[in-house]
Amino acid sequence: MIEFTEAARERILAFFAEDQGTGLAVRVSVEKPSPVAPEYAMSLIELEEIEECDERHSVDGFDLVVDSESALILQNTRIDWVESIEGGGFNFDNPNIKPLGSEPLAGPLVERVQRVIDEHINPGVATHGGAVRLVDIRDGIVYVQMGGGCQGCGMASVTLTQGIKQVFMKLVPEIVDIQDVTDHAAGTDPYFSPEK
């Protein structure tokens with residue numbers, strides 16, 4: 001189910017030794033299965049904290065506890081312990097959470113969303129030197145990337161929530177949310193900048 005590298009296993013056993021408790025297990029869960037930034041939780045728990053709906057597995061040296069919903073998402077996940085300048089931490093390599101834009105977009109919903117971007121969104125943001133690009137659609141959520149004058153713009157979140165989102169809610173009611181996956185910190189020429 002979940003594979004631990006030797007480095008991860010050794011680190012977990014070190015945590016057990018530091019705690020000096022008996023009857024401990026490791027709980028792993030998926031807090032947020034977002035394809036943008038998935039969040040995982042890992043903690044030591046007392047055996048009494050194991051719930052009836054949890055799955056319990058024996059790993060070399062410790063017991064692993066996973067709730068049933070997380071177990072599906074964590075299937076074949078590899079957990080490693082990595083060291084960096086900022087310190088060490090567990091890294092989850094999860095094949096079940098596909099990065100945004102990793103598969104070709106096709107189908108009637110994609111075509112409708114792209115048409116809204118081309119005909120209603122981009123003409124408006126183009127007046128400020130901006131552009132919006134469709135990255136992915138998952139579970140009714142449209143993921144977009146903002147470029148040109150929109151990248152790094154202080155008003156990008158307002159444009160997203162009060163402009164782009166409102167247009168989509170009106171024209172494509174199947175869409176439940178719009179999320180901006182732009183790296184705004186990388187913007188070099190925002191439309192609204194102090195020097196302009």
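This tour moves through the structure one selection at a time.

**Before selecting anything**

The structure is a predicted model, in which local features need pLDDT of at least 70 and side-chain atom pairs count only at pLDDT 80 or more, while totals for chains, interfaces and linings use all residues. Residues are numbered from 1 along each chain as its sequence is written, and side-chain values use heavy atoms, with hydrogens and water left out.

Colour the chain by pLDDT, the predictor's confidence in each residue, from 0 to 100. The protein chain averages 84, and 92% of the residues score at least 70. Helices (H or I, at least four residues) and strands (E, at least two) are DSSP runs, numbered from the N terminus.

**The four-stranded sheet**

Select E2, E3, E4 and E5. These strands make an open sheet in the order E3-E2-E5-E4, with mixed pairing; two strands pair if DSSP finds at least two bridges between them. Strand E3 (39-46) and strand E4 (54-59) are the edge strands, each pairing on one side only. E2 and E5 run parallel and are joined by three bridges; Val 28 has Val 66 as its bridge partner in E5. Helix H1 packs on this sheet and touches E2, E3 and E5, its direction making about 120° with that of E2. Such angles run from 0 to 180 degrees between N-to-C directions, with axes fitted as lines to C-alpha atoms, for helices over the stretch in contact.

**Ser 29**

Next, centre on Ser 29 in strand E2 (residues 24-32). Is Ser 29 buried or exposed? Ser 29 is buried, because its relative accessible area is 9%, and buried means under 20%, exposed over 50% and partly exposed in between (1.4 Å probe, protein chains only). Its side chain makes a polar contact of 2.8 Å with the side chain of Glu 31. A polar contact is a pair of N or O atoms within 3.5 Å; within protein, one must be able to donate a hydrogen and the other to accept it, and residues adjacent in sequence count only if both atoms are side-chain atoms. Beyond four places in sequence, Ser 29 touches residues including Tyr 40, Asp 67 and Leu 74, where contact means heavy atoms within 4.5 Å.

**The three-stranded sheet**

Now select E1, E6 and E7, an open sheet in the order E1-E6-E7 with mixed pairing. Strand E1 (2-4) and E7 stand at the edges with a single partner strand each, so one side of each has no neighbour in the sheet. Strand E6 (residues 77-84) pairs with strand E7 (residues 87-93) in the antiparallel sense over seven bridges, and two residues lie between them in a hairpin. To follow the pairing, display Arg 78 with its partner Asp 93, then Asp 80 with Asn 91. Helix H1 (residues 6-19) lies across E1, E6 and E7, at about 75° to E6.

**The largest core**

Finally, show the largest nonpolar core, which has 21 residues; Val 113, Val 142 and Phe 168 are among those with the most contacts inside it. A nonpolar core is a set of buried Ala, Val, Leu, Ile, Met, Phe, Trp, Tyr and Cys residues joined through side-chain atoms within 4.5 Å. Helix H3 (108-126) is one of the elements that give two or more residues to this core, and H3 gives the most, six.
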